[in-house]
Amino acid sequence: RPLTDLLQQLCHEHNKPYKADDVKGMGFGELRDALLAFAPLNIEHVKRCNQAEAEFWKKNEGYQTKPSDQLLQFDCGGQQ
């Protein structure tokens, strides 16, 4: 939620449309790219995005035990 919440705030601040249905299909990389696209060279903006990302990872930390073919899948999105 931290990433989608920030995206919603930024859309509101920049008078851009925000559609929750569009965001539902976005992966982590796509969300991060969308957030940074608002002001990629603004240090304060990047810090704000990084703070939302840190909160995202904090809320998603934990442990799982599953077969390796199920756990080693990942979302390869965004600009690498």
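Phenylalanine 28 sits partly exposed, at a relative accessible area of 23%; buried here means under 20%, exposed over 50%, and partly exposed in between, with a 1.4 Å probe and protein chains only. Tryptophan 57 is partly exposed too, at 47%, while phenylalanine 56 comes out buried at 18%. The structure is a predicted model, where local features need pLDDT of at least 70, side-chain atom pairs count only at pLDDT 80 or more, and totals for chains, interfaces and linings use all residues. Residues are numbered from 1 along each chain as its sequence is written, and side-chain values rest on heavy atoms, with hydrogens and water left out.

On to the rings. Those of Phe, Tyr and Trp (its six-membered ring) pair if their centres lie within 6.5 Å, with planes under 30 degrees apart called stacked, over 60 edge-to-face and the rest tilted. That rule gives three aromatic pairs. Phenylalanine 28 and tryptophan 57 have ring centres 5.1 Å apart and planes at 55°, so this pair is tilted. It links distant parts of the chain, 29 residues apart: phenylalanine 28 belongs to helix 3 (residues 28-36) and tryptophan 57 to helix 4 (residues 43-59). Helices are DSSP runs (H or I, at least four residues), numbered from the N terminus. For phenylalanine 56 and tryptophan 57, the centres are 4.9 Å apart and the planes at 75°, which makes the pair edge-to-face. Phe28, Phe56 and Trp57 together form one aromatic cluster.

As for confidence, pLDDT (the predictor's confidence in each residue, from 0 to 100) averages 86 over the chain, and 88% of the residues score at least 70.

Notes: Helix = DSSP H or I, 4+ residues; strand = E, 2+ residues; numbered from the N terminus.
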